[in-house]
Amino acid sequence: MNQQKWTPGSLLELSGSYWRACALHTAVELACFSVISGDGMTDKEIAHRIGGDRRAVETLLNALVAMGLLVKMQNNGYQNTAFSTKYLSRSSSHYIGHIISHHHHLVESWARLDESVMTGQPVRERSSHGDEKARESFLMGMFNLAMAIAPDLVKQIDLANRVRLLDLGGGPGTYAVHFCLHNPKLQAVVFDLPDSRSFAENVIARFGLSDRIAFQGGDFLSDGIDGKFDAAWLSHILHGEGPEGCRQIMEKAAAALEPGGLILIHEFILNDTMDGPLFPALFSLNMLLGTPNGRSYSEAQLMRMLKSAGFRDIQRLPFSGPNDSGIIAGIR
């Protein structure tokens with residue numbers, strides 16, 4: 001049960017919280033954090049670097065200072081915080097601006113949520129099928145998120161006796177990479193739309209795994225999967241489909257697995273009353289805006305789907321990820 005104690009003030013704070021989000025999105029889109037050198041810069045220098053209007057840039061920079069993402073210096077210059085340097089500068093290996101850019105591309109559709117609620121129809125194209133810039137932000141954003149949790153996640157899943165992994169809908173292949181790094185005998189195939197190939201192969205090559213991880217292009221709803229596997233990883237793909245699409249995906253995964261093969265479903269999981277936790281509940285609205293039938297699913301729903309697809313020994317693993325992501329496993 002939601003224990004939020006609402007007041008008129010807290011309600012208005014929530015109502016206007018998108019102001020802060022849009023200020024952050026704009027700063028990331030314009031690379032403000034990236035152009036500021038270590039010693040700081042004046043508003044005039046920053047405006048020149050990004051090609052913006054000086055007064056408007058100064059207004060944005062002051063808001064970022066108020067948000068605690070920049071520091072204002074005595075000479076009226078601006079400097080990144082240690083946090084901003086690490087996570088919001090494009091030169092940092094920890095940069096997470098791509099997922100912030102992905103969120104930026106979703107803002108317009110969220111402003112039209114009333115249309116989707118009234119019609120039951122999406123108001124934007126799916127992020128994985130959008131224009132080149134939106135799709136790049138989506139893929140790079142998924143890479144950001146996976147890189148943050150995959151190194152620890154793979155340590156909590158026993159694939160020691162598995163030799164061939166299917167990363168279904170794996171996008172940039174981040175999870176396949178980390179599963180293989182953690183399990184030296186493991187080989188993998190990343191199966192995703194053909195226009196993900198170059199990005200995935202670059203990621204795989206960056207980690208020196210091109211000899212162990214291959215990319216296979218296709219649509220997991222309509223195309224066949226070549227080869228047989230003894231483990232399948234399905235991370236954040238079921239929420240893009242309705243129950244019938246999920247059934248097809250699980251059956252296709254089952255057909256690609258050898259008897260005794262392990263399936264792992266990684267999703268934002270709702271409780272069985274469907275009214276929490278908060279992020280999966282809101283994420284279900286995001287799927288309403290961008291897909292004809294997508295939604296978040298509960299643990300019980302996912303387990304029933306797996307059972308119907310022929311899996312046994314179904315259980316939820318103890319892993320708990322950001323935004324209430326969880327993993328449900330079953331045996332073919």
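Two strands are counted as paired if DSSP finds at least two bridges between them. With that in mind, I turn to the structure, which is a predicted model.

I begin with the sheet. Three strands make up an open sheet, arranged in the order E1-E3-E2, with antiparallel pairing. Its edges are strand E1, residues 41-42, and strand E2, residues 70-72, and each of these pairs on one side only. As a general point, the strands of a sheet pair through backbone hydrogen bonds, in either a parallel or an antiparallel manner. Here, E2 and strand E3, residues 77-80, run antiparallel and are joined by three bridges. Which residue in E3 is the bridge partner of Lys72? That partner is Tyr78. Helix H5, residues 54-66, packs on the sheet, where it touches E2 and E3. The direction of H5 makes about 105° with that of E2.

I now move to a pair of helices. The axes of helix H7, residues 97-110, and helix H9, residues 132-153, come within 7 Å and cross at roughly 135°. H7 is therefore oblique to H9. Is the crossing of H7 and H9 left-handed or right-handed? The crossing is left-handed.

As for the residues in this contact, H7 contributes Gly97, His98, Ile99, Ser101, His102 and His105. In H9 they meet Lys133, Ala134, Ser137, Phe138, Met140, Gly141, Met142, Asn144 and Leu145.

Notes. Residues numbered from 1 in each chain as written. Predicted model: local features only at pLDDT ≥ 70, side-chain atom pairs only at ≥ 80, totals over all residues. Heavy atoms only, no water. Helix = DSSP H or I, 4+ residues; strand = E, 2+ residues; numbered from the N terminus. Contact = heavy atoms within 4.5 Å. Axes fitted to C-alpha atoms, helices over the stretch in contact; angles between N-to-C directions. Parallel < 35°, antiparallel > 145°, perpendicular 65-115°, else oblique. Left-handed = near helix turned anticlockwise from the far one by under 90°.
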